[in-house]
Amino acid sequence: MKKSILFFLLLSNFLGFAQYTAIPDLNFEKALIDLGIDSGVTDGKVLTASVSGLTSLDVSGKNITNLAGIQDFVALKILHCTSNQLVSLNISENTSLRILYCDLNQLTSLDTSNNTVLFTLHCESNRLAALNLSENTELTDLICSSNQLTSLDIANQKKLWYLGCSSNRLTSLDISENTALWSLSCDSNKLTTLDISVNTELEALYCFSNQLTSLDINNQMKLKYFDCSSNQLTSLDTSKNKDLWNFSCASNQLSYLNIKNGNNSNFNTISFLSNPKLTCILVDDATYSNTKWVDKKDASAIFSESNCTLITNTAPSITATGNQSYCPMTSINIVTDVEITDPDNLGSTTVSVQISSGYVKGEDLLSLNNALSHPTIKSSWNTNEGKLTLTSITGNPMPYSDFENAIKNVQFNSSSLSPSGVRNFSISIGTGQLSYLPRNQHYYEYVANLGITWTNARAAAELKTYYGLKGYLATITAADESQLAGKQAPGAGWIGGTDSETEGTWKWVTGPEAGTIFWNGLANGSTPNFAFWNSGEPNQAGDEDYAHITAPGVGVAGSWNDLADAGNPTGDYQPKGYIVEYGGTPGDPVLQLSASTTITIASISNYTAASRCDAGTVTLQAKATMGIINWYDALTGGNYMGAGTSFTTPNITSTTPFYAETVTAGCTSTRTAVEAKIINTPTITSINTTLTNCGPGVFTLKATPTEGSINWYSQNGGSIVGTGLSYTTPNISTNTTYYAEAVNNGCINSTKSTVDLIVYPLPIVNNESTTKCVLQTITLDAGIPNLTYKWSTGAITQTIDVVQKGTYTVLVTSLVPESCTNKKTIEVIENNIPEIKNILVDETTVTIELVKSENYFEYSIDNITYQSSNVFTNVSSGLHMAYVRDTNLCSEDNKPFIVIIVPKYFTPNNDGYNDFWEVKGLLNYPLSEVTIFDRYGKLITQLNSSNHSWDGTFNKQQLPATDYWYVIKLDKNSPEFKGHFSLKR
C-alpha cells in the first residue's frame, strides 16, 4: 500500500511539469509557428497541450518531408497537408479525422484503417500502388487519381457519391455497390469494361482514354456531363439521356451513334470527330445539326433524323481550269472557271484554296477580290499554311454556286519585285485541316493529340478514312510533299518512319511506301532518295527510333528529328499530334474532292555567267520559264544587244554585266544580271631566286604576282606541287631547282621563274663518351681541324683540357660562304672510388659487399687474380685480405677477413682418422672460445687456445652418438657463431 501511494505522489509530481510533442521536421514546426500554434524559435518540439485539442490543421505547401508529431493532434477532424514532400504519413492516432487532403506528395502507402469516421479523402498525385479502404465505410468523397493503383475495392463505400480514380493502372472497376454515385472520373486507365447499370444517380461520367469496346448509359437519365473519347466503342446510344448537354465521343470506332434525345438544341459542347467508320449520326434536327455541328464530325459522316442504314453520302467533285502566266507586281485570278457537283448535298460550309507547292512565305498571298460581291462568304488567310479558307458567314452550308463565284475571284499576288518559279494551287471542298497536293493527288491531315505515342499514332492514323481513302502515318518522299505536310502544316507531329528494326536503317513502315529505306546512319548519314532531317539529326539521343516533324522554331522549319516512342513529357520534343496521309493505297476510290491550277511566273529561271583571259568576246547563257529572252547592256533602258538563250558579247577589256529579260504576250520580266568576266593574266613581280640551307631540310619559297596566286613545280613541265604565295618544300638533301608560274582564276602566265635550292654540307662530327679517374685531367678534341669552334666552356680552340666530369659541347662551324654549324657532344664520365662495406663469410663462400657497386669494379682475395664477380667459393680456412679496384686502376680498397671451417661431424673410434672435433682457423684468435652442449642444453666442454679439440667424452666417459651444439665467440666484441654437428660411432 505504501508503494502505491509513493508511486502516485511521484506521478503527481511529474505531471506538474509541461509535456512536449517532438516535431523533428523544421518546416513542419515553422508552419505551426506561422499558425500561432507554436511560439518562439524552432526547437524541434511543441507543447502537447497546444496541439492535442486542435480540430483543424492546414500545413499545405510548406515543403514538409516528415509529419511526425501529428499523432498527438488527437482531436483533429480536418487535415490539409497537400503539396509537400511527404513519403509517409502516420494518422493511426487521429481517430477523429473526417477530412484528409494529402494530395501532391510522394506517398507510397497510406493506412486509414483506424480512421473509421473519414468521409473525405483526397490522395491524388502520389505514388500509391495500393489503397485499402475496407474500414472507411463513411466515405462519400474519394479522389485517388494519378497514382499507380492496379486495383481499387470500394464495395464497403456504399455512401460514396464522388469518385475520382483517373490516371492509374486499373484494368477493372466494380461500382455495383456504389448506387449513390453522382460523379465518376475513371479516365486514363486500362479499363476494357464498365458496368454502370445500377448507378442511376450519375450526372457526370468521364471514362475517356481507356480500352472500352461497349458502354450502356440507358439507365443514366440524369447524365449531364459525358466524355468517352479515345476508346474502342463501336456503337453508342444517348437517346434516353434527356439532360445531356456536354458530350464527346471523339476518337473511337463508332459505326452507330444515336444522339436523338430531344435535347440537341441545349447541347453546350459536343464532338464526334475521328470516328472514321461513322457515316451517319441520328439527331433531332438534321438542318440544325448541319448548321451548328458541321465542324464537330468527320467529313464522311452526315446527320439524319431517320434510319442511318438507308443513307449513303456520295463525295462531291470539283474541276477547275486556268493554267496561266504571272507578271511580277500584278494580281491574277487563280482559275478561269470552276465547277462543283454533289448528288446528295447542295452546299458546303468550307472551301480551301492553298498554294500547295512553290509557296514563298512572306511574299505570296491569296485574297478574295470584290469581297462585297460575295456577302455569304468570308475569307481567312493563314500565312504559315499558305492557305485561304472560304467559309459560310453564318456557319451554315452555303450553295456551291456561292463558292464557285468566290473561287473565281480568288487572286494571287507576290510582293517580290522578281518572283520566280511555279505556283500550284489546290482547291478543296470542306477539307478543314486537310491539305491537297496535286502532284500525287494525296491529302494530308494534321491531327492534334498532345503526348500521343508513335505506336498509338500509327494505329490511330490507320483507323482514319476520308471519303473511302484509307489513312496512314504520312510518308514524305519529296520536297514539295515535305513543304506541304511539314512546313505548311498547322502543327508538328509523328510521321511513318522508324529504325526500330535495324538501328541506323530508317524505313517508311506505313502506307504504300512501307518497307522503303530513306536514310542510313546518324546525322552524317545519307539518303538513297529523299530525307529532310533537322541539323544534327537523327542523333539517337537515348534510343530514339521514330521520325517526328520538328516543332516550329526549332532548327529548320518542317524538318525531322528522331524521338523515342513516347517523346519527351514536356517542351519542344513532346509529341503534339500526328500527320495522316490519304491516297495511294490499293483499293482506294477515285475522288475529285480537289482541283488544281498552275501559274508560271515569267522569269529568268537559270543563267550561266562566263569568263575569259584578257580582252575579247564572251558567250553567256540563260533560260526562262516562258517567253523570249532579250539581252541588254543596262538594268533598265540601255541598248538592245540581241535575243535568244545564247548571247555573244562584243569585244570587252574588263568585266562587264549584261542583262537578260523574258518577254511574253502579257508582260516583261525584271532583268537579271549575267556577268561577262575578264580575267587578267598575271606576272611575277618578286621571287627569292636562290635559297641555301645547311644540311638536308625544308625550304620556304615565296613569290608575289601582280594578282592571283602562284603555282609551284619541282621540275619544269611537271605537275603542280603546291599553290599559294609561299610553298614549303619536302626535305631536300641535294641541290635542285623549283619553278613558279603566276595564275589568276585559271589564267596562267606560261613564263616560269626559277628558284635554286643549294644544300651546304654540315661539318661531320661524332658524339663521344670518355671515362676518367677522379682528379684526372683529360683532353677533349672537336675532331675536325681548320674550322671555327665554340665550346660550352667558352673556349674557341680545337681541343680543351678538363678535370671535372660532365657533358661538354662544341659548335663546329665551316668557313664562309657555307658557315654551317654542327654540334658535337662529349660525355665525360668519372669512375667512383670503390669502398668495401662488409665481407660475408659463409663457410668457404665469401661475398665482398661495397657501399656502391659499379659494373667497372673488379674483385680479388689475393691481389693477383681479379674477377668481375664479388663472390668467391672454396676459400681456405684462415686469415685473408679482400681487394676491389676500378678497371682503369684509378683507385682500390681492401679489408681483411677470416674463414673458419666448422666440421659437420666426427667419429671418435680411435682409428686415427677424424677422432677429434676441431674448428680450423681459431689459432688466429687467441681469445676465442668454443662451448659445446648436448641436445638438452647441458654444458659438455669448452675449447680455447690451449684446448683445441674434443674427443667425444664427458668426464672421460664416451658420450652417445647424436647431435651436439656449439657456440663460437672469437673475442668479447665479436658476435657469436652457433650451429650443430654430429658425433658418429
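For the residue classes used below, Ala, Val, Leu, Ile, Met, Phe, Trp, Tyr, Cys and Pro count as nonpolar, Asp, Glu, Lys and Arg as charged, and the others, Gly among them, as polar. The model is predicted, and local features therefore rest on pLDDT of at least 70 and side-chain atom pairs on pLDDT 80 or more, whereas totals for chains, interfaces and linings use all residues. Residues are numbered from 1 along each chain as its sequence is written, and side-chain values use heavy atoms, with hydrogens and water left out.

The structure holds one cavity of 30 Å³ or more, a cavity being a set of points, on a 1 Å grid over the protein atoms alone, where a 1.4 Å probe fits but cannot get out, with lining residues having an atom within 4 Å of a point. The space in the largest cavity is about 50 Å³, a volume being the space filled by probe spheres set on grid points that are joined across faces, edges and corners. Ten residues line the largest cavity, and Tyr-444, Glu-445, Tyr-446, Ala-489 and Pro-490 lie nearest its centre. By class, this lining comprises seven nonpolar, two polar and one charged residue. Strand E31 (442-448) and helix H7 (479-487) each supply at least two residues of the lining, where helices (H or I, at least four residues) and strands (E, at least two) are DSSP runs numbered from the N terminus; E31 gives the most, with three residues.

Helix H7 is itself mostly covered, seven of its nine residues being buried, that is, under 20% relative accessible area with a 1.4 Å probe and protein chains only. The buried residues of H7 include the charged Asp-480 and Glu-481 as well as Leu-484 and Ala-485. The buried residues of H7 pack against E31 and against strands E23 (350-357), E30 (434-437), E37 (546-549), E38 (560-563) and E39 (577-582), contact meaning heavy atoms within 4.5 Å.

In soluble globular proteins, nonpolar side chains tend to be buried together.

Methods:
On a 1 Å grid over the protein atoms alone, a cavity is a set of points where a 1.4 Å probe fits but cannot get out, and a pocket is an open set with protein on both sides within 12 Å along at least five of seven lines; lining residues have an atom within 4 Å of a point. Buried means under 20% relative accessible area, exposed over 50%, partly exposed in between (1.4 Å probe, protein chains only).
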